[in-house]
Amino acid sequence: MASINSSRSTVVVSSLSSQPAPRASTQILRQQATNQFPVDGSNYRARSLCICMSLLSPSTITGNYDNALLQYIRQPMVLIPTQEDEGMKRREYLLEKTARELQTSTTVEKLKLIDTIQRLGIGYYFEEDINAILQVEFSNIALITEDNLFTTALRFRLLRHNGFQITSDVFLKFMDENRKFEESLAYDTLGLLSLYEASYMGANGEEILEEATKFTKAYLQLSIRQLSPPHHHDQQVIEALKLPRHMRMARLETRQYIEKYGAQSDCDAALLELATLDYNKVQTQHQIELAEITRWWRQLGLVEKLTFARDRPLECFLWTVGLLPEPKYSTCRIELAKTIAILLVIDDIFDTYGKMDELVIFTDAIRRWDLEAIETLPEYMKICYLALYNTTNEICYNVLKENGWTVLPYLKSTWIDMIEGFMVEATWFNGGSEPSLEEYIENGVSTAGAYMAFVHLFFLMGEGVTRQNSELLLNKPYPNIFSFAGRILRLWDDLGTSKEEQERGDMASSIRLFMKEKNIEREEEGRKRVFEEIYGLWKDLNGEMMCENRVMPLAIIDVALNMARASQVVYNHEEDSYFSNVDNYVEALFFTPIA
């Protein structure tokens, strides 16, 4: 249960109990979170609180939860006003100091500072300042005089990353008459690394950036063997070759970089302190959000009634943080986590428990979308149907109250699309004809929940919504940006779970269908082709980001990019990676502060 002492001197958030929290207390808790973490992140003078959360064992937790949930739900400690005031004053001073440095630094140092600020995860405080600097000082090619590869590539990457238009022709001065990069650049390791990172911002048809990727990758791999004694640039190169920065999940990259930034010779101690304070503050916000989601999930009672269903509210929340890393999207994360949790239960009904005739009835009930349809369902499906129906209607009510939009037709339509997609898969796996690769992937985008997530977030975020672009969500196919990101999600899902799916008897996967249609014999080669497809889809995503006449708002395009990034994190589990599994991500992001 969440409770707040009415006294100003002490605020206590107690651990979750087996009883659901009263509605009033939950509203107070969420209002407190809103006050602590202002929506307008660009206002770096905004008021904030510094909350200390303990990492005690969850001895008071009861209920039928899996080990992961029991491991991570923690008991928050008392919040002391004196510490609040001191932390707030220090943070405000650091924000003011950084803002002044942004305005007074030299041209090259200004670019480096912007890059560092955004990589440390505190760019949202200075969003307006950064955009103004990039627009006025760096977007006009005619005013740029630098001839340094490092600076040219850094400027190019920062402009594209922040949604500005810039042509790859800026790199022509580093190429010969055959449009090949000059061999003399091979000795400039930092320049090569900067160009390599910039090259992954490219879209289809940008041959200069394709050439840049090949050129830099070859020489960077060679440089690793030649750097002696080992230099910290060596590790930067290794990490970049493994995964370019453009493809990294924001909050994980922030944590990793904060831990490494302090060891750099050019580390700004004040900037590091600000990033550390902010990381821990946002982590506390995530704990409050997670407490709300867990309370809702327990009160919903789905997994208690449907014991076969997945009980993964933490994993659902991890997805939402991957898609929406900015603190201002707190409500969006909470509501999206609810829909993903219900999606997993429905997926389990179709995959592991439901009989074919029951699935037909359930699909028809979803199409009807009325309470009378519940009477046609088997008992175990009724609670799931009601959970979906009530949660969706509640989200629609909140959007109507906040923005005045009637969005039930949109949300209902995307749920129907997804359930029909599940029904298609059930037909394939129960003796129907085998799908083609294209049929499998396109249907899989829907059943993976990509379209559902985008449509919900489009209205929950409420940024750049117009009659023109909202109508695109009712008329199929969905916008390309949704499809590109969803395909990456589907392909990463198959790469990460294909063995488990085969053991369960689900033989269709993009890997196997690639092998069949391309006459590939070895699975390793099939997986390689899937990776190539993913990188091609990244170029499609980049193309949408740099399109001059974008119909979809930049905010939802950022979500699409973040979906592609989060997919790689959740489904690519390598033993030697920075984080080896989802549990480690959850522990690091939500429950282990940076000292």
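1. Of the 595 residues of the protein, 56% count as buried, a term that here means under 20% relative accessible area, with exposed meaning over 50% and partly exposed in between (1.4 Å probe, protein chains only). This is a predicted model, in which local features need pLDDT of at least 70 and side-chain atom pairs count only at pLDDT 80 or more, while totals for chains, interfaces and linings use all residues. Residues are numbered from 1 along each chain as its sequence is written, and side-chain values use heavy atoms, with hydrogens and water left out.

2. The protein has 25 helices and zero strands, where helices (H or I, at least four residues) and strands (E, at least two) are DSSP runs numbered from the N terminus. Among the contacts (heavy atoms within 4.5 Å) with a separation of 6 or more, residues 24 or more positions apart account for 71%.

3. Helix α13 (residues 313–323) and helix α25 (residues 582–591) have axes that come within 10 Å and cross at roughly 65 degrees, the axes being lines fitted to C-alpha atoms over the stretch in contact, with angles running from 0 to 180 degrees between N-to-C directions. The two helices are therefore roughly perpendicular to each other, on a scale where under 35 degrees counts as roughly parallel, over 145 as roughly antiparallel, 65 to 115 as roughly perpendicular and the rest as oblique.

4. On the α13 side of this contact are L314, E315, F317, L318 and V321, which meet V582, Y585, V586, L589, F590 and F591 in α25. These residues divide into 10 nonpolar, no polar and one charged, with Ala, Val, Leu, Ile, Met, Phe, Trp, Tyr, Cys and Pro counted as nonpolar, Asp, Glu, Lys and Arg as charged, and the others, Gly among them, as polar.

5. For helix α4 (residues 107–119), the 13 residues should span 18 Å at 1.5 Å a residue, and the end C-alpha atoms are 19 Å apart, which agrees; the expected span is 1.5 Å times one less than the number of residues. The buried residues of α4 are K110, L111, L113, I114, D115, T116, I117 and R119, and the helix is followed by G121, whose phi is positive, near 85 degrees.

6. Helix α24 (residues 554–571) has 18 residues that should span 26 Å, in agreement with end C-alpha atoms 26 Å apart. This helix is mostly covered, since 16 of its 18 residues are buried.

7. L400, in helix α16 (residues 379–403), is partly exposed, with a relative accessible area of 42%. Not counting residues up to four places away in sequence, L400 touches W405 and T406, while its C-alpha atom is separated by 9.8 Å from that of F459, 59 residues apart along the chain.
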